Amino acid sequence: DWEKVLVFPDVDSWDWAGSAEMSREYRNTDRLVEAWHFTGFFERLISFMDFEGAAVAVIDEDSIPYVHSLFRALTDLYKKIIGKEKEYFDIDMIYFHDDWGGQRSPFFSLATCREMLVPYMREITDFCHANDLVRRRIYELSRSAE
């Protein structure tokens, strides 16, 4: 019932223009401007149902459809935020953090990762590439160094 319980933020209501203006001097640089996203898909799932519940949810056949629908909604949310960051802050790249393993091993199998996480990470990555994150600015910096 996550759709009945969770309330996603209204990203359009955030003061993007005001924040961009406040950081204008900081962003006026010849260096890459990077936005950090600390809570990816699995970490967000953990925040809703603790680690054990999240670990079970990504492999439990009854839970998998609901996790997919949550990750679909999160993908749309993250893309909207990244789009606003690009529009208002002209970011060059993002750091998108998600914890999928510990010091000794992954938290789940490669098959689970490919089914449950990779499609959504791929969509985020494709969105970033389509919005010219990283490539243009890195090319410009490399050309100016020559």
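Biologist: How are α4 and α5 oriented to each other, roughly parallel or roughly antiparallel?

Modeller: In this predicted model, residues are numbered from 1 along each chain as its sequence is written. Local features need pLDDT of at least 70, side-chain atom pairs count only at pLDDT 80 or more, totals for chains, interfaces and linings use all residues, and side-chain values use heavy atoms, with hydrogens and water left out. Helix α4 (residues 41-57) packs on helix α5 (residues 64-89) at about 165°, with axes 11 Å apart. Angles over 145 degrees count as roughly antiparallel, and α4 and α5 are therefore roughly antiparallel.

Biologist: Which class do eleven residues of the contact of α4 with α5 belong to?

Modeller: The contact (heavy atoms within 4.5 Å) includes Phe-41, Phe-48 and Ala-57 of α4, and Ile-64, Leu-70 and Tyr-78 of α5. One residue of this contact is polar, one is charged and eleven are nonpolar.

Biologist: Which element gives the most to the lining of the largest pocket?

Modeller: The largest pocket has a volume of about 250 Å³. Among its lining residues are Asp-1, Trp-2, Met-49 and Tyr-66; a lining residue has an atom within 4 Å of a pocket point on a 1 Å grid, where a 1.4 Å probe fits, and a pocket is an open set with protein on both sides within 12 Å along at least five of seven lines. With four residues, the element that gives the most is α4.

Biologist: And which element gives the most to the lining of the second largest pocket?

Modeller: That pocket, of about 180 Å³, is lined by 14 residues, with Phe-8, Pro-9, Arg-44, Leu-74 and Leu-77 nearest its centre. The element that gives the most, with four residues, is α5.

Conventions: Axes are lines fitted to C-alpha atoms, for helices over the stretch in contact, and angles run from 0 to 180 degrees between N-to-C directions. Helices (H or I, at least four residues) and strands (E, at least two) are DSSP runs, numbered from the N terminus. Angles under 35 degrees count as roughly parallel, over 145 as roughly antiparallel, 65 to 115 as roughly perpendicular and the rest as oblique. Ala, Val, Leu, Ile, Met, Phe, Trp, Tyr, Cys and Pro count as nonpolar, Asp, Glu, Lys and Arg as charged, and the others, Gly among them, as polar. Grid points are joined across faces, edges and corners, and a volume is the space filled by probe spheres set on the points.
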